[in-house]
Amino acid sequence: MAVANKDKIKQIYATLPQLNCGLCGYENCGQFAVAVAEEKASPFGCRQNPWVGYNISEIIGMRVPVFGYQQRFYQPIFAPRSGPLPSLESLGKEVGELLKGIDNILNRIENLGKKKA
Ligand code: SF4
């Protein structure tokens with residue numbers, strides 16, 4: 001087991017988001033930093049920003065392939081829409097149809113209320 005080095009702990013702590021949310025399983029970022037420095041926790045354990053694990057890996061002298069990081073870091077969160085973008089006209093028609101459907105449902109509900117009364 002590695003002995004926690006204060007400088008390493010400070011560097012690790014400085015890399016963390018410092019939200020003290022506890023999602024990593026430790027009470028705060030400081031405890032997490034100590035656990036990582038003592039090799040009791042993964043450098044990628046911060047749930048707020050696991051990507052800092054790459055920086056932390058450098059601090060603790062752990063070699064991690066960087067290519068995957070770059071590839072993933074720039075990956076869009078949402079998959080790009082396939083096919084051409086719809087025109088405003090077709091979107092307008094689509095919304096119009098949806099509104100007609102909603103009107104229809106509201107009318108039916110209103111009529112049900114009238115029948116009961
Ligand atoms: S999940 Fe990240 S931000 Fe939250 S306490 Fe742990 S290290 Fe700090």
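The protein chain of this predicted model has an average pLDDT of 82, and 79% of the residues score at least 70; pLDDT is the predictor's confidence in each residue, on a scale from 0 to 100. Over residues 74–79 the pLDDT falls below 50, and beyond near neighbours in sequence this stretch has zero contacts in the model, a contact being two residues whose C-beta atoms, placed from the backbone, lie within 7 Å. Where pLDDT is low, the predicted coordinates should not be read in detail. Local features need pLDDT of at least 70 and side-chain atom pairs count only at pLDDT 80 or more, while totals for chains, interfaces and linings use all residues of this predicted model. Residues are numbered from 1 along each chain as its sequence is written.

Helix H1 (residues 6–15) packs with helix H2 (residues 29–37) at an angle of about 130°, their axes 9 Å apart. Helices are DSSP runs (H or I, at least four residues), numbered from the N terminus; axes are lines fitted to C-alpha atoms over the stretch in contact, with angles from 0 to 180 degrees between N-to-C directions. H1 contributes Lys8, Ile9, Ile12 and Tyr13 to this contact, and H2 contributes Cys29, Gly30, Ala33, Val34, Val36 and Ala37.

The axes of H1 and helix H3 (residues 52–59) come within 9 Å and cross at roughly 165°, which means that H1 is roughly antiparallel to H3 (an angle over 145 degrees). Lys8, Gln11, Ile12 and Thr15 of H1 meet Val52, Asn55, Ile56 and Ile59 of H3.

Turning to the ligand, 15 residues surround it, the closest being Leu19, Cys21, Cys24, Cys29 and Cys46; a residue is near a molecule if its C-beta atom, placed from the backbone, lies within 6 Å of it. By class, this shell has ten nonpolar, four polar and one charged residues. Nonpolar covers Ala, Val, Leu, Ile, Met, Phe, Trp, Tyr, Cys and Pro, charged covers Asp, Glu, Lys and Arg, and the others, Gly among them, count as polar.

Key: Helices (H or I, at least four residues) and strands (E, at least two) are DSSP runs, numbered from the N terminus. Angles under 35 degrees count as roughly parallel, over 145 as roughly antiparallel, 65 to 115 as roughly perpendicular and the rest as oblique.
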